[in-house]
Amino acid sequence: MDAPGTLRPRLREARAADIDTMVDLLAELFALEAEFAPDPAVQRRALVALLGAPQIGTLFVAEVAGATVGMVSLLYTLSTALGGRVAWLEDMVVARPARARGVGDALIAHAVACAQRHGCARVSLLTDADNVNAQRFYGRAGFTRSPMVLMRRFFEDA
């Protein structure tokens, strides 16, 4: 039995008609992250590109009563260490009114199951180092902290 207030979202692959709502959701997410800032034009460009290239990744949305309340993306690559396909889980966000009501749990389970069905040997993700709530959430979904350290190099012209 579901806890009181639990929502039962409908999960599906995103489509072009979802882009505006996904841009809004990404604005919520990037407003919380230390390293990124919302830029609707940039996010829209990336979402359009991803929807047009399913070999690169898959976008999923969660709907409740016909309204999109969450999203997550899987981006695919190859791992020489594991000898095959792996996925990056990105852009996991649930709209504020639907948070802590089971939507995130449903989205993450759906994305992980999709990665498994597509032959991925691993799913990786990043959180802000001080985002303890997100780390607890992903831990409950079976993710563990890696001893690897993320390093980046950004390009101004990109």
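Hi everyone, let's start with strand β2, where Gly-57, Leu-59, Val-61 and Glu-63 point one way while Thr-58, Phe-60, Ala-62 and Val-64 point the other, and all of them are buried. Please keep in mind that this is a predicted model.

Now, what does β2 pair with? On one side of the story there is strand β1, residues 10–13, which runs antiparallel to β2 and is joined to it by four bridges. Within that pairing, Arg-12 has Val-61 of β2 as its bridge partner. Then there is strand β3, residues 67–79, which pairs with β2 over eight bridges, again in the antiparallel sense. Val-61 turns up here too, standing opposite Met-71 in β3.

How many residues lie between β2 and β3 in their hairpin? Two, and Ala-65 in that turn has a positive phi of about 50°.

Let me move on to helix α4, residues 132–140. Which of its residues are buried? They are Ala-134, Phe-137 and Tyr-138. Looking down the axis of α4, these buried residues fall within an arc of 95°, so they line one face of the helix. As a reminder of the background, an α-helix has 3.6 residues a turn, so residues three or four places apart point the same way.

And what do the buried residues of α4 pack against? Their partners are β4, residues 84–94, and α3, residues 103–117.

Definitions and conventions:
Residues are numbered from 1 along each chain as its sequence is written. This is a predicted model: local features need pLDDT of at least 70, side-chain atom pairs count only at pLDDT 80 or more; totals for chains, interfaces and linings use all residues. Side-chain values use heavy atoms; hydrogens and water are left out. Buried means under 20% relative accessible area, exposed over 50%, partly exposed in between (1.4 Å probe, protein chains only). Two strands pair if DSSP finds at least two bridges between them. The arc is that of the directions from the helix axis to the C-beta atoms. Contact means heavy atoms within 4.5 Å.
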